[in-house]
Amino acid sequence: MNKELIINVTPSEIAIALFEDKQLVELNKEKCKTGYSVGDIYLGKVKKIMPGLNAAFVNIGYEKDAFIHYLDLGPQFTSLHKLVGTLTSGKRAPLFQNIRLDKAMGKTGKISGFIASGQPILAQIAKEAISTKGPRLTSDISLAGRNVVLIPFSNKISISQKIRSNEERNRLKRIASAVLPKNYGVIIRTAAMGQQDADIEHDITSLVRRWEKVLDGLRNQTPPSLILNEENRTTTIIRDLLNGSFSSIYVDDHTVYEEIREYIRMIAPDKEKIVKLYKGSTPIFDNFDVSKQIMSLFSKYVSLKKGAYLIIEHTEALHVVDVNSGNRAKVDNDQERTAMDVNLAAAAEIARQLRLRDMGGIIVIDFIDLHKSENRNALVEKMRELMAGDRAKHTILPLSKFGLMQITRQRVRPETHIDVRETCPACHGTGLVAPAVLIDDQIEKQIAYFVKEKKLSYLKLRVSPVVAAFVKKGFPSLRTRWMFKYRCRIRVASDNTTGIIETRFFNREDEELI
């Protein structure tokens, strides 16, 4: 599979489009220097304990208080809490490797027995704020790298289940054991498979240094405060996805281009050449067909092949996808085969849409009814196969007796939503337009204004084909009469994208006049 990353940088945000075989499958937008992001570590202040929820609200310095459940404290919260108290008070703390870990906390305790209102707490963003909810926190802190995830306050080495070779698992465990200090655990990621020993060792030691930086940042610190920023979204996606199937990364900003090159030079030097600075005059998303795919994929109706289509609705509680055969049902005689073909095509598009829109929570899909049990089972298996590459945790349930498929998908960030509607250029969203018979009077008034008030001797009018034909019809035409009356050269250009009675004026340098 060929993968490309297209990165568009603007003053307010960075938009990142992931293509697989020329199809847009993920779209991420990161606001520049605003809000919080998953992975950030904060020294917060407990604001309120909620015994009924066995949870607490924590002030981390933003409008919405963050939320932490008892189970999110982590098994070694007491060890972490003691260390945080020592560092924030300015006392001298022992080396992290020399700390004696407390007995692991049970899963059935009460949060009020471990934290109280007003006390400081070190926590990491696990989920961003979604809708009216604040961000979700965890004190079971982890630091993600290219090949491993470092877990302080642990001595366990875990290996990705996708690495099946016993020989490779033993090799990776041996490497981690040799370099990992005491009181540190790791999860070895799938990306580590086949990597050189030195690369994995470097990954672990660099993450250990990051954790030591967190501890240094806690000294004499008062809550709420940000202790450690997670890598930006661009480098996070590159870290998680970069592999041999990546063919190119295009970016239209020189600063971000240098940052990405430096990051890839550090994690995969042989891949540095795939990073390319885009210098074209056409916007990067237009040049690589991103804008067109966004407009066609983020609408309520999503077209499939041969007339079938999806309808995607969003509510506060869940997302609903309805599969429709459209004109397809009129073409084929075999109803079961038609339903199966449409359902399989819909499954592929739905798996793509879940990633593209980053839809999380509960998703209910109303497939076209299938009567044969083997077809129903085959559809479920196909859906599981299609979503196997989705990095978000998910569960797919079998079809219900009503033909509904239920999917739960991890929700870490707010759902990506792009409004593909445009304001009508004729009525400007009011639903009202001026009488068409007055169009020539309106244009003439504008011409008079630009000639008499702005002293222009050249005007270019961009209008719809209907209006262009109207003002150039006959002899002398309206255009000719305006030119003689106002002693101004007037050019009329036909534009299919212009509203039916819209008129846009330009000067000799082709700059639009307001």
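1. Two strands count as paired if DSSP finds at least two bridges between them; helices (H or I, at least four residues) and strands (E, at least two) are DSSP runs, numbered from the N terminus. With that in hand, strand E22 (residues 458-463) pairs with E24 in the antiparallel sense over four bridges, and Lys460 stands opposite Phe506 in E24.

2. A word on the basis: this is a predicted model, where local features need pLDDT of at least 70, side-chain atom pairs count only at pLDDT 80 or more, and totals for chains, interfaces and linings use all residues. Residues are numbered from 1 along each chain as its sequence is written, and side-chain values use heavy atoms, with hydrogens and water left out.

3. E24 and E25 run antiparallel, joined by two bridges, and Phe506 stands opposite Glu512 in E25. The two strands form a hairpin with five residues between them, and Asp510 in the turn has a positive phi of about 65°.

4. Asn507 sits in the loop between strand E24 (503-506) and strand E25 (512-513). A polar atom of the Asn507 side chain lies 3.0 Å from the backbone nitrogen of Glu509. Is Asn507 buried or exposed? Asn507 counts as buried because its relative accessibility is 12% (buried means under 20% relative accessible area, exposed over 50%, partly exposed in between, with a 1.4 Å probe and protein chains only).

5. Please also look at the cis peptide bonds: one runs from Pro223 to Pro224, with omega near -5°, and another joins Phe475 and Pro476, with omega about -5°.

How values were computed: Polar contact = N/O pair within 3.5 Å; in protein donor to acceptor, adjacent residues only side chain to side chain.
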